Amino acid sequence: MPAEPISPVAAPVPTPRKTVPVSHFPFRSTLSLEPLITYWQERERASNAGVALLARAIGEKVAEADWCRGPLTDNKVLDCNCDLIETLMLAVFPPASFATDITGVIGPFQRRSFYSTRHFQEVMLHKDRTIKQPLNIDMVAMEKQMGLMAYHLVLHRVYGAELPSLGTIIFTVPDYQIGLYRHYGIDFNSDFVTVKVVGEPPVLTPEQMDTLIHNRHRVELWQEMLPPEHFELEGFNIIQLMDVTEQEILSELKYDLLERDVLQTPARFEQIQEKLRVLFAEPALQLGIAAYDEKKRAFVDFGRKINHSFLTKQVQHQSAESSFRQIYDRLLREREPLVLKDVATADIPEDLRRQIMGLGINSAILALLPYGNDTVGLLELGTPKVGGLDEFELDKVAQFLPLFAVAVKRNAEDLQTRVHAIIREKFTAIHPTMEWRFMDAARNLLTQLDSGNRTAEMEAIVFEDVYPLHGSCDIRSSSTARNEAIQQDLIEHLNLANKVLKKASEYQQLPILDELKFYVTKNLRRLKDGILSGDEANIYDSLSREIEPLFEYLATHTPEMRPVITKYWDGIDPKLGILYKRRKDFEVSVTMLNEAVGDYLDEEEEKAQQMFPHYFQRYKTDGVEYNIYVGAALVENKPFDLVFLKNLRLWQLLTMVEITRRTAALKETLPVPLETTQLILIHGQSLSIRFRQDERQFDVDGAYNIRYEIIKKRIDKATVLGTDERLTQPGTISLVYAQSREAVEYYEYIDYLQDRGLLEPEVEELELGELQGVKGLLALRVQVKLS
């Protein structure tokens with residue numbers, strides 16, 4: 001590359017400019033065979049005698065053909081002298097390449113080819129031998145690219161600059177034989193193009209050349225610094241195409257399948273299918289995708305409204321022994337793609353053969369979509385052409401299979417995220433046993449919404465034919481104990497306030513002091529007879545608004561009052577602003593009991609879930625209450641037997657025995673020695689439960705089943721018929737039932753626990769007094785051995 005300018009006239013430094021649109025090729029170009037003739041003339045002096053002999057023979061032919069010298073403007077001349085053209089082109093087209101190469105010759109960056117291989121004609125030329133316009137590049141972009149290539153050639157040939165390649169150009173052209181398109185990488189060879197300088201060439205400083213090199217795609221900058229009228233191109237370009245369809249399709253699939261929702265959108269899915277048709281050169285190829293649900297252990301049609309799968313809809317409605325299921329089980333077992341080159345003769349069950357051929361598919365490939373050690377889905381390829389898909393296509397399948405696996409996994413995760421969002425919006429926290437049903441309902445809602453049904457609502461969540469178990473561990477007389485604690489705290493608080501007021505009367509003769517002393521004394525007398533609703537709030541309100549502000553005034557202005565006022569504040573809880581001693585002891589005791597019962601229940605419930613999955617819900621109040629529902633409707637793909645119900649009933653009785661023993665042992669350590677009572681409600685019949693979206697919880701469904709709910713809410717107050725004796729007693733377990741036959745099973749459990757030394761031998765059989773809206777209830781009461 002010359003280090004100095006080649007002319008004393010320096011090119012102007014570019015100034016800010018508007019973009020110059022490229023509407024046609026900027027350089028004057030001439031088709032000529034002169035560079036090729038020069039090439040053969042140089043070959044006459046070659047050391048290889050055979051090449052030299054051929055070159056001299058060609059030179060003699062050229063000497064006889066005046067038409068081949070200088071510019072060639074008449075296409076007919078080229079067509080009439082095709083023999084000589086073919087001979088000259090031996091430098092470019094080895095005879096062995098004609099059957100395989102896709103190569104053509106055109107004037108310098110022009111649009112017409114005067115010589116080419118047969119494949120080049122089929123791929124790139126119209127009937128008039130002009131170059132087809134690629135599907136992926138418009139005319140303006142094409143001319144801009146050709147102009148840039150010409151400028152690079154000028155900078156290299158005239159100014160000696162070494163420039164990196166502009167990069168591979170990809171042409172997408174239609175393949176009319178199969179009705180699809182192909183991708184070709186284009187190599188432009190300008191070895192037989194001569195750059196002629198017209199007049200004085202523009203001078204470029206090293207800085208200007210560097211500017212051009214680093215702005216290789218700015219055509220307007222090149223036009224300004226290298227005006228095209230100073231250059232002329234003569235000769236011809238060689239264009240060689242390489243089929244890169246497979247690489248391009250795989251690259252496009254990679255980017256397509258990284259997009260969100262690509263498998264959920266019909267238009268995008270069709271685009272993916274079209275690219276696979278191009279990859280396999282099968283214009284009628286069908287693509288099927290099915291996601292695999294590990295929990296359901298089944299393939300699920302991915303996006304039901306799009307019908308992405310050939311066969312999984314049939315599989316969903318077939319028994320586990322069906323031929324459809326057998327073929328998918330075979331895929332899961334062997335972990336290898338299943339190739340059906342000819343469905344009519346393939347080794348598959350007959351009804352499956354009929355099903356596939358009924359879909360118009362005569363050749364197919366079925367392949368699992370692996371993601372790590374898991375299977376996330378199934379890919380199906382099918383074509384009506386017998387033999388259109390065979391074992392030789394598995395190499396292609398192997399290259400894009402992981403891409404589909406990632407897309408299915410991500411789409412499944414996105415769907416899961418949307419489903420969970422609906423569950424959080426529509427429901428409260430879902431018990432794991434029932435989660436599958438809520439997930440199905442959320443997916444169904446999403447399907448309707450995605451189908452355009454904007455008024456779609458969540459379907460009802462109902463579980464039919466489930467068996468209920470109810471139990472409670474109640475703190476005996478908790479309301480009475482709480483009221484007594486509040487009463488005693490209020491009395492002590494008022495006494496502390498009264499002492500301050502009496503002491504203040506010794507130093508201040510204020511009528512308000514007498515009025516406040518009267519208020520305190522009056523409430524003390526009334527509290528000794530018991531506490532009424534509203535007493536606590538009214539007294540604390542008066543203390544904080546009227547009495548305690550006076551104490552602050554007295555402490556500031558009467559120093560002698562400070563010790564008694566300090567003693568008052570020492571008795572007050574600084575966070576609550578009230579005297580909080582006995583009630584604190586009561587609440588600590590309640591908390592200790594509830595935590596002991598709750599923690600034990602949670603621990604045992606986890607074990608019970610392993611026996612058979614069921615719904616469990618517990619509540620903490622003054623004690624612990626819980627509900628259990630068990631049945632086939634609650635679990636997915638797991639058989640239910642009544643033996644599991646009996647197991648849970650015995651488990652419930654065992655846990656109640658242990659809760660009774662633990663709470664009795666805990667009594668001596670409590671600040672307030674509270675006792676608990678244990679109750680079980682027996683209900684022998686199954687019922688239905690429905691999720692109430694307005695209340696975000698489950699409730700029994702149906703008029704008959706409502707009676708169970710009423711009994712459950714009222715039996716804790718039940719008494720023995722004809723007496724005032726409460727059914728529930730400390731150290732015992734009470735079992736309430738409505739029909740005698742419901743108790744038969746529990747007699748067996750009680751007998752078993754008595755034999756184990758957990759229950760005392762006596763069993764009380766009791767009739768219960770009438771409750772509001774409920775009568776005729778019976779009960780068993782057993783004493784727990786506490787030691």
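Tutor: Start with tyrosine 568, which counts as buried because its relative accessibility is 0%. Buried means under 20% relative accessible area, exposed over 50%, and partly exposed in between, with a 1.4 Å probe and protein chains only. Phenylalanine 551 also counts as buried, at 0% relative accessibility.

The model is predicted, so local features need pLDDT of at least 70 and side-chain atom pairs count only at pLDDT 80 or more, while totals for chains, interfaces and linings use all residues. Residues are numbered from 1 along each chain as its sequence is written, and side-chain values use heavy atoms, with hydrogens and water left out.

Next come the ring contacts. The structure holds 22 aromatic pairs. Rings of Phe, Tyr and Trp (its six-membered ring) pair if their centres lie within 6.5 Å; planes under 30 degrees apart are stacked, over 60 edge-to-face, and the rest tilted. Phenylalanine 280 and phenylalanine 400 are edge-to-face, because their planes stand at 85° with the ring centres 6.1 Å apart. Phenylalanine 280 belongs to helix H10 (residues 266-280) and phenylalanine 400 to helix H14 (residues 394-426), so their pair ties together parts 120 residues apart in sequence. Helices (H or I, at least four residues) and strands (E, at least two) are DSSP runs, numbered from the N terminus. Both phenylalanine 280 and phenylalanine 400 are buried.

Now return to tyrosine 568. With phenylalanine 551, tyrosine 568 forms an edge-to-face aromatic pair, 5.1 Å from centre to centre and with 80° between the planes. This pair links distant parts of the chain: phenylalanine 551 is in helix H18 (residues 535-557) and tyrosine 568 in helix H19 (residues 562-570), 17 residues apart. Elsewhere, ring pairs link Tyr39, Trp40, Phe114, Phe192 and Phe236 into a cluster.

Charged side chains also make contacts. A salt bridge is a side-chain nitrogen of Lys or Arg within 4 Å of a carboxyl oxygen of Asp or Glu, and a search of the whole structure finds 32 of them. In one, aspartate 243 meets arginine 182 at 3.2 Å, N to O. Aspartate 243 counts as partly exposed because its relative accessibility is 33%, whereas arginine 182, at 16%, counts as buried.
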